[in-house]
Amino acid sequence: MPERGSSPPEVALFVPCYVDQLAPEVGLASATVLERLGCKVSFDPRQTCCGQPFVTSGAHTEAVRLARAHADVFAGAQAIVCPSASCVATVRRRYADLLSTESAASLAARTFELGEFIALSLGTRDVGAVFPHRVALLESCHGLRELGLGRPSEDLGAAADGVGITERLLRSVRGLELRPVSRRDECCGFGGAFSVGFPELSARIGRDKLRALAESGADYVTGTDASCLLHLEALRAREGFGPRAIHLAEILASRGGA
Amino acid sequence: MSAGLDARALELLPAGPRLRAHDAAVFALREKRDVAGRAEPDFERLRDHAREAKAHALDHLDANLERFEARATAAGAVVHWAEDAPALNRIVHELLDARAARRVVKSKSMLTEECGLNPYLESRGIEVVDTDLGERIVQLGHEPPSHIIVPAIHRTREDIGALFARELIVPAGETDPARLTEAARRHLRGHFLGADAAITGANFAVAESGTIVVVTNEGNADLGMSLPKLHIACLGIEKVVPGLGDLAVFLRLLARSATGQPISVYTSLVTGPRPGAELHIVLVDNGRTRLLADDAHRRALGCIRCGACLNTCPVYRRAGGYAYGWVIPGPIGAVLAPALGGTDERRALPLASSLCGSCSAVCPVRIDLHEQLIAWRATDVPRGSRERLVARLAAALLERPALYGAAGRVARWLWPALARRWPGNPASPWLASRALPVHPGASFRTRWRARTRAEGRSRARTRGGEVR
């Protein structure tokens with residue numbers, strides 16, 4: 001937590017379009033956690049979408065336009081914090097192809113996934129959350145493999161044995177029991193446009209994930225991407241089994257009343 | 001267009017025990033790779049080294065190829081150059097025809113699958129017997145391989161028992177792998193002994209020594225190379241590496257990444273023909289120089305065809321190889337398809353990925369496969385006028401925050417209708433297997449405005465008093 005007396009860290013919330021529209025509570029929980037940790041949180045309503053769906057569907061021209069708009073909105077922000085790993089990965093890993101080198105590098109250096117910002121920038125391990133439930137972690141692919149929020153199972157080097165950023169935050173939550181999941185970092189099958197263009201394959205992968213999560217005995221599944229969680233929640237609603245989805249921000253904001 | 005793979009997966013590998021068996025069998029290979037890689041302390045460093053070595057080999061491919069040709073020729077081999085698939089097929093046929101070779105034993109080669117060599121030769125009266133067990137299984141079933149290193153991975157032992165009962169001499173109902181393999185062995189022995197020529201692929205070619213390297217687990221390529229007087233090796237030009245030192249790196253990675261073996265059972269280095277026999281080496285381009293000239297995608301030529309990206313791919317495991325509709329399935333197939341595949345349908349394969357990135361994370365040569373898929377989507381994936389229009393309209397909406405906010409309100413109002421199934425519902429693809437999420441209530445921006453106003457009021461109330 002920042003030292004008392006020093007000026008509070010200023011955080012510009014980057015609330016992705018789909019979080020804004022489909023999972024608003026995730027944005028609010030993010031603000032709550034950050035404010036509790038002493039941050040001054042702002043939200044610029046001119047922001048809409050970072051352009052990820054356009055990048056992944058090959059609409060380069062449109063992706064460039066949205067990336068420019070995103071860069072304008074956050075031009076003056078010190079720290080840009082987002083409760084969606086895949087949107088952060090878009091800024092960090094794809095903007096180099098969409099914007100000028102300086103603009104992309106500047107945004108990449110200032111944009112953080114929520115848990116990453118809390119753990120690495122604020123240096124907070126324990127946010128004081130209480131969540132007395134059995135929880136399984138969904139290691140969303142972009143957070144895991146592009147942002148390094150966890151330890152990908154493919155990586156066989158010695159560094160791969162530690163505990164990832166997201167998991168470490170969860171382990172500090174009081175009452176929370178983390179349940180191991182088989183094939184822990186297999187994709188959930190969402191993949192944005194993939195889930196629309198390839199609905200059957202997306203659902204096959206998702207149902208297998210749901211099954212693995214259910215077998216873990218968890219009451220909740222959490223992760224850094226509300227999109228993957230919405231996909232799993234929508235499958236759960238149809239299939240009638242599996243843990244409920246809850247975003248990392250909501251667990252970190254929880255004081256035990258969930 | 002993009003939905004082709006989805007529909008074919010439903011048709012060719014329907015949900016059920018067969019799909020579960022496929023997923024489990026393929027993922028087991030991924031797990032073996034993890035175990036083998038962990039047991040090799042240098043594994044991650046070897047991958048770094050392999051990436052550098054391949055990049056270097058491709059940067060100097062022209063020189064490496066000429067050197068290889070000179071050294072192989074000096075060793076007594078004859079080197080041929082084939083610009084494309086028809087050229088390869090013609091060269092091989094002429095070599096066989098000139099020697100009146102009618103019976104050919106062939107070991108595994110994805111290149112000859114890519115070029116359609118088997119049907120070309122068969123239509124000209126030449127008998128081609130695939131001698132890799134998996135290859136022979138799919139050949140007897142009149143199927144193509146469904147995986148680049150495990151061609152019959154989509155087949156169960158019951159399938160193979162029934163196939164062998166029909167085609168070979170085994171009792172009906174036989175499902176014991178050892179007895180089935182023994183039956184295939186006896187059957188193939190006859191073909192080996194009667195063969196006029198052997199065709200093999202090659203996993204690598206070494207420029208400094210003019211050597212080709214053939215890796216198998218069954219020794220079938222070796223038996224082929226050792227019995228008939230004519231050996232024809234077919235390989236893509238990207239297989240050439242500068243020296244034996246590079247080869248050592250790739251060999252330590254190949255089998256570990258493919259099947260979790262420290263090294264394949266047979267790794268044969270062939271330099272020139274054996275006494276009294278002929279060795280012909282056909283180097284095939286078939287689109288590879290075009291890929292080499294493409295800075296964004298040339299790294300894909302570094303692929304050593306281990307299959308690790310298929311084994312880890314959540315899409316491949318749930319779709320099966322045939323759904324891809326081209327000879328190399330999975331992530332590497334989707335990356336190579338736009339350059340080597342030709343048709344629009346194949347050029348759309350880069351869309352068939354959730355972009356989870358696991359492929360890039362297992363590749364022994366560290367090819368950035370999922371980045372390549374994204375890059376292809378922007379340049380080469382055929383996009384219909386409707387898709388382009390949707391993208392343009394969506395971007396126009398998202399560039400106007402007020403309009404975007406209004407659209408969100410309209411969608412909320414329509415939510416109950418979107419949640420129901422009706423023809424033309426834009427949410428249909430989702431609703432096929434999922435329910436719509438519960439109504440999210442007001443958007444974040446609406447709630448944030450309310451929250452800020454409430455804070456303003458509470459500040460005004462406490463002004464002059466003590467602020468908590």
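Colleague: Which residues does A:Val181 touch, not counting residues up to four places away in sequence?
Modeller: This is a predicted model, so each answer is read from computed positions. A:Val181 lies in the loop between β6 (177-179) and α10 (193-197) of chain A. Leaving out residues up to four places away in sequence, its partners are A:Ala136, A:Ala212, A:Leu213 and A:Ser216.

Colleague: Does that make A:Val181 buried or exposed?
Modeller: A residue is buried if 20 or more other C-beta atoms lie within 10 Å of its own. A:Val181 has 22 C-beta neighbours inside 10 Å, so it counts as buried.

Colleague: How many of the 17 residues of α11(A) are buried?
Modeller: Helix α11 covers residues 199-215 of chain A, and from its first C-alpha to its last it reaches 24 Å, close to the 24 Å expected at 1.5 Å a residue. Just after α11(A), A:Gly217 takes a positive phi of about 80°. The helix is largely enclosed by the rest of the structure, because the number of buried residues is 13 of the 17.

Colleague: Staying in chain A, which residue is the bridge partner of A:Leu13 in β3(A)?
Modeller: Strand β1 (residues 10-13) and strand β3 (residues 79-82) of chain A run parallel, joined by three bridges. On its side, β3(A) also runs parallel to strand β4 (residues 111-113) of chain A, again with three bridges, and there A:Ile80 stands opposite A:Thr111. For A:Leu13, the partner in β3(A) is A:Val81.

Colleague: Which residues have the most contacts inside the largest nonpolar core?
Modeller: That core has 223 residues. Its largest share, eight residues, comes from helix α12 (residues 244-259) of chain B. The residues with the most contacts inside the core are A:Val81, B:Cys234, B:Phe250 and B:Val284.

Colleague: Let's follow one of those: leaving aside neighbours within four places in sequence, which residues is B:Val284 in contact with?
Modeller: B:Val284 falls in strand β10 (residues 278-284) of chain B, which pairs with β7(B) in the parallel sense over seven bridges. Its contacts include B:Cys234, B:Leu235 and B:Gly236, and these three are buried residues of β7(B).

Colleague: How many residues of strand β7 of chain B are buried?
Modeller: β7(B) has partners on record here: four bridges join strand β4 (residues 197-200) of chain B to it in parallel, and seven bridges pair it with β10(B). B:Leu230, B:Ile232, B:Cys234 and B:Gly236 point one way, B:His231, B:Ala233 and B:Leu235 the other way, and all are buried. The count for β7(B) is therefore seven of its seven residues.

Colleague: Within what arc do the buried residues of α5(B) fall?
Modeller: The 14 residues of helix α5 (residues 85-98) of chain B should span 20 Å at 1.5 Å a residue, and its end C-alpha atoms are 20 Å apart, which agrees. The buried residues are B:Ala85, B:Leu88, B:Asn89, B:Val92 and B:Leu96. Seen down the helix axis, they line one face of α5(B), because they fall within an arc of 95°.

Colleague: Which exposed residues does the face of α5(B) turned away from its buried side carry?
Modeller: An α-helix has 3.6 residues a turn, so residues three or four places apart point the same way. On the face of α5(B) turned away from its buried side, the exposed residues are B:Glu94 and B:Ala98.

Colleague: What share of the residues in chain B is buried?
Modeller: Chain B has 23 helices and ten strands, and its C-alpha trace spans about 105 × 55 × 45 Å along the principal axes. Of its 468 residues, the buried share is 47%.

Colleague: Last one: how many residues does chain A bring to the contact with chain B?
Modeller: Chain B brings 56 residues, and by class its side has 33 nonpolar, eleven polar and twelve charged residues. The number from chain A is 56.

Conventions. Residues numbered from 1 in each chain as written. Chains lettered and ligands numbered in written order. Predicted model: local features only at pLDDT ≥ 70, side-chain atom pairs only at ≥ 80, totals over all residues. Contact = placed C-beta atoms within 7 Å. Nonpolar A, V, L, I, M, F, W, Y, C, P; charged D, E, K, R; others polar. Core = buried A, V, L, I, M, F, W, Y, C linked by C-beta atoms within 7 Å. Buried ≥ 20, exposed ≤ 12 C-beta atoms within 10 Å, placed from the backbone. Helix = DSSP H or I, 4+ residues; strand = E, 2+ residues; numbered from the N terminus. Expected span 1.5 Å × (residues − 1). Arc of directions from axis to C-beta. Pairing = 2+ DSSP bridges.
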